[in-house]
Amino acid sequence: MSDTEKRDLTFDEFDEIVDPRPEETDFDRIVDTAISRRGLMGGALAFGSFAMLNSTFLSTGAKAATDRFAFAQIAANGNDAITVPKGYTAQILVQWGDPLWSDAPEFDDATRGTAASQARAFGDNTDGMEVYAHGDKLLLTVNNEYTNRKIIWGNREEGQFAEDDDVAKGKMAHGVTVVEIAETDGKWGIVKDSPYNRRITPDTEMMITGPAAGDDLMKTAADPTGTKSLGTWNNCGAGRTPWGTYLTCEENFNGYFSAADEEHKISPELKRYGVSSKDWGYGWATIDERFDVAKHPNEPNRAGYVVEIDPRDPNATPKKRTALGRFKHENVACVVNHDGRVVVYMGDDERGEFIYRYVSNGVYAPGLETDSLLDDGTLYVAKFHDNGAGEWLELSPETTEMASMGEVCIHTRIAGSKVKATTMDRPEWVTTNPNAAEVYCALTNNKNRGIKPNKGGDLTPVGGPNPREANKYGQIVRWKPNGGDHTVNGFAWDLFVLAGNPSVHQDDRAGSGNVNKDNMFNSPDGLKFDSNGILWIQTDGNYSNEEDFAGQGNNQMLAGDPATGEIRRFLVGPKQCEVTGLDWSPDRRTMFVGIQHPGERGDSHWPNGGDSVPRSAIIAVTRDDGGLVG
Ligand code: FEO
Ligand code: CA
Ligand code: CA
């Protein structure tokens with residue numbers, strides 16, 4: 001594969017090259033044995049999961065006589081446009097490269113900007129976001145996950161960086177944007193020069209807090225204390241705390257490190273996170289030596305965390321909350337338990353990795369100190385049993401035989417393996433039902449399920465909430481903590497939906513009973529409940545509209561009713577995009593939706609049309625009658 005072809009790869013595909021499938025492993029032989037045994041059992045395993053799930057939805061009535069959706073379903077399509085139901089309108093709120101201050105230039109399609117212009121503009125590839133009311137102002141805080149090299153460097157030959165400034169421009173397109181937004185005469189836009197506007201980039205000073213702060217594994221030449229790091233990058237999903245701060249989640253942090261010394265051996269601990277001697281084409285080590293892992297082997301230990309940002313204080317130093325563990329954090333869902341303790345649910349988005357929970361020791365109450373709530377607590381990892389029960393396993397030096405809680409919080413994946421957590425089908429967003437003690441998590445897909453172990457060598461057997469081998473379509477698992485108490489260790493789980501394609505397949509790849517030819521989709525990713533208890537589902541999947549995915553169109557957003565299981569398509573994104581990031585205005589009359597990487601393979605001019613450069617953007621969706629949208 002050429003370097004040019006490599007630059008077209010997703011993170012997922014890149015990781016596959018870094019970590020190729022072993023030729024023939026013990027695992028293959030174990031799987032072969034398991035498959036033949038399942039054949040002998042006459043599909044008993046399938047009955048326990050898939051068939052039971054279908055009967056659940058047949059009996060609860062996927063076609064309820066009344067519904068809670070205020071829209072008619074739209075059809076799938078492959079248009080280079082946003083499609084919303086009749087009676088709704090979508091407008092652009094902000095696009096990649098829009099300046100946040102009036103002294104910065106407008107986006108330039110010919111050059112796609114400079115490092116200096118990008119540092120003062122909305123970042124690329126919008127992802128998780130939260131809207132905060134602050135007095136009479138609205139502050140949007142949003143992740144800028146990564147940048148498409150061929151697009152941001154589309155002014156250069158083969159879409160490669162040619163100068164240091166190109167690399168720095170890419171770096172400045174990452175991180176987080178805080179921007180004031182406002183609606184004037186029905187038109188949403190950003191408020192340039194607001195004192196709250198801020199870019200947080202891979203170079204912004206951060207404080208490291210929690211058990212890993214000051215650990216020897218966190219110390220570098222530039223920071224011998226192991227308590228201060230620079231920046232955040234590859235920020236995927238997000239969450240909000242009960243006290244009104246933003247939690248941004250560092251996901252594929254590994255793809256930015258490289259080693260100029262080709263002889264350098266990457267440690268097994270870093271390999272577990274996909275760090276390799278080659279970066280993903282961003283070239284950060286060429287302008288910033290800390291990304292050379294041969295020279296600074298502890299630097300990757302300082303990424304892969306949840307970072308707390310106060311959107312109301314532009315001068316506040318962001319805090320890396322290491323107590324929430326280090327992995328490829330997708331997003332966080334924070335709930336206050338009935339006893340006041342703060343519970344945080346989190347997924348690690350990689351094939352065969354785990355789902356986690358954190359429980360604070362202290363309690364939250366408005367007005368009380370909140371700074372220690374995400375530093376002082378207990379971390380757990382999920383074990384799902386085939387019978388619909390599950391349990392949270394504590395991660396501590398005692399349960400993992402690791403040297404310290406610091407090490408548990410740095411090598412968290414290894415800790416999860418040690419206690420034999422359940423390997424999952426790529427956990428993406430987690431969200432909690434506002435009307436019930438119930439948590440939902442998107443398991444987006446997993447081509448390795450039942451075929452290949454995870455990076456730590458843990459087996460990935462078919463079963464439990466991961467019921468399909470080489471899972472192409474994904475599913476959404478949900479669990480209820482026993483007794484409605486988010487701090488107890490037992491829970492009951494089932495699947496809300498098993499995505500599939502009933503036009504192409506008649507077996508378990510057709511999906512569960514609440515999937516049909518009209519609402520089918522693949523690869524659920526973003527999940528968020530609205531205030532009415534409707535589950536919104538965003539997809540980041542295969543948009544080929546062919547073969548296994550025929551009839552599913554572009555990536556999209558759907559709404560699900562937890563009570564009936566009904567799922568209905570609400571929005572279809574433009575070509576080659578992913579729909580990710582969702583929040584509402586405080587009056588619930590506007591829904592903000594993120595459109596990431598339109599035209600990631602070169603075939604889109606959304607949102608500006610003509611020959612324009614495709615640009616990720618946030619849209620504002622309203623009802624034409626001014627009604628509520630969430
Ligand atoms: Fe950034 Fe797992 O999505
Ligand atoms: Ca995602
Ligand atoms: Ca995804």
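Colleague: Which residues form one aromatic cluster here?

Modeller: Y146, W233, Y256, F257, W280, Y282, W284 and F291 do. Bear in mind that this is a predicted model, where local features need pLDDT of at least 70 and side-chain atom pairs pLDDT 80 or more, while totals for chains, interfaces and linings use all residues. Residues are numbered from 1 along each chain as its sequence is written, chains are lettered from A and ligands numbered from 1 in the order written, and side-chain values use heavy atoms, without hydrogens or water.

Colleague: How many aromatic pairs does a search of the whole structure find, and why is the pair of Y146 and W280 called tilted?

Modeller: The search finds 33 aromatic pairs. For Y146 and W280, the ring centres are 6.1 Å apart and the planes are at 45 degrees. Rings of Phe, Tyr and Trp (its six-membered ring) pair if their centres lie within 6.5 Å; planes under 30 degrees apart count as stacked, over 60 as edge-to-face and the rest as tilted. The pair of Y146 and W280 is therefore tilted. Y146 sits in the loop between strand 3 and helix 6 (149–152), and W280 in the loop between helix 8 (268–271) and helix 9 (284–287), 134 residues apart. Helices (H or I, at least four residues) and strands (E, at least two) are DSSP runs, numbered from the N terminus.

Colleague: What makes the pair of Y282 and W284 tilted?

Modeller: Their centres are 6.2 Å apart and their planes at 50 degrees, so this pair is tilted too.

Colleague: How do you know that W284 counts as buried?

Modeller: Buried means under 20% relative accessible area, exposed over 50%, and partly exposed in between (1.4 Å probe, protein chains only). W284 has 0% relative accessibility, so it counts as buried. Y282, at 1%, is buried as well.

Colleague: And why is D136 called exposed?

Modeller: Its relative accessible area is 73%, so D136 passes the limit for exposed. D136 lies in the loop between strand 2 (126–134) and strand 3 (137–144).

Colleague: What lies over the face of W280?

Modeller: R149, at 3.9 Å from the ring centre. A charge sits over a ring if NZ of Lys or CZ of Arg is within 6 Å of the ring centre and within 35 degrees of the ring normal. R149 also lies over the face of Y282, at 5.1 Å from the ring centre.
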